[in-house]
Structures are given as structure tokens and as C-alpha cells.
Amino acid sequence: MPSSDRQRRNSEIDREIGERLRQLRQMRGMTQTTLGKAVNVTFQQMQKYERGLNRIAASTLVGFCNALKVTPMEILGGFLVEEMQSDDLQLLEKLHDTENRLLQIHEVSGRDNG
């Protein structure tokens, strides 16, 4: 793949991931400032992430996932599965379902104890 095509594709991915991050943040009723503080980045940096102008480091992605209570796949979406085989996709779906069930159990048990 030529360099310009790769850069264009990376930019599209960064924008889409930023959009997903923004949507998840808004769904949780969080401001850019609040989420930024949770992962130790500035409001301005949050704007850049959400616009796809800056790439999100793995450690920052983990911080976003923890703060938003989502899995990385909810932010990354299907970008990682484009190259996978059918068996891998089925396994990934099962893993995702299991993660969601465990999160629901954790939420219910937290309410019961609180």
C-alpha cells in the first residue's frame, strides 16, 4: 500500500475512533474536561482525540475504557477484525458477549452490596 493511501486510511481510522470516543463520552454524560481529567489529559487534547487529529496511545485507550466502563472493542470497533478469519470472528463475538455479561453481573452485584 503506498504511503499516501496508508496515511489517508490511518486518518480515517483516527477520526472514526475519535467519533466513537465522543459518542461514548456523551452517552455517559461526561464532559471532555471530566474524561480528560480521568486519564490525565487536557481539554484541548481531548478535542484533538475526538476529532481524530491525534492518535490515542494504548495506555490512554485503557484509561478511556476504564473511565467510560467499556471494552476496547467498543471504541476500536471493527478495525481489528477486517483481517480475521470467520472462526476468529466467532470467537471474538463470544468473548465480547462474555465481557458484557460479566459487566452486567458486576453491576448487579454492586447494587446488591450498596
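What follows goes from the whole chain to the aromatic pair and its helices.

A: Start with the ground rules. This is a predicted model, in which local features need pLDDT of at least 70, side-chain atom pairs count only at pLDDT 80 or more, and totals for chains, interfaces and linings use all residues. Residues are numbered from 1 along each chain as its sequence is written, and side-chain values use heavy atoms, with hydrogens and water left out.

Now the chain. It has six helices and zero strands. Helices (H or I, at least four residues) and strands (E, at least two) are DSSP runs, numbered from the N terminus. Of its 114 residues, 27% are buried. Buried means under 20% relative accessible area, exposed over 50%, and partly exposed in between, with a 1.4 Å probe and protein chains only. Take the contacts (heavy atoms within 4.5 Å) between residues at least 6 apart in sequence: 59% of them join residues at least 24 apart.

Next, the pair. A search of the whole structure finds one aromatic pair. For reference, rings of Phe, Tyr and Trp (its six-membered ring) pair if their centres lie within 6.5 Å; planes under 30 degrees apart count as stacked, over 60 as edge-to-face and the rest as tilted. Y49 sits in helix α3 (residues 43–51) and F64 in helix α4, so the pair ties together parts that are 15 residues apart in sequence. Both Y49 and F64 are buried.

Look at α3 itself. Its buried residues are Q45, M46, Y49 and E50. Viewed down the axis of α3, they fall within an arc of 135 degrees, so they line one face of the helix. That arc is taken from the directions from the helix axis to the C-beta atoms. An α-helix has 3.6 residues a turn, so residues three or four places apart point the same way. After α3 comes G52, with a positive phi near 80 degrees.

Then α4. This helix spans residues 58–68, and its buried residues are T60, L61, G63, F64, C65 and L68. Just after α4, K69 has a positive phi of about 55 degrees.
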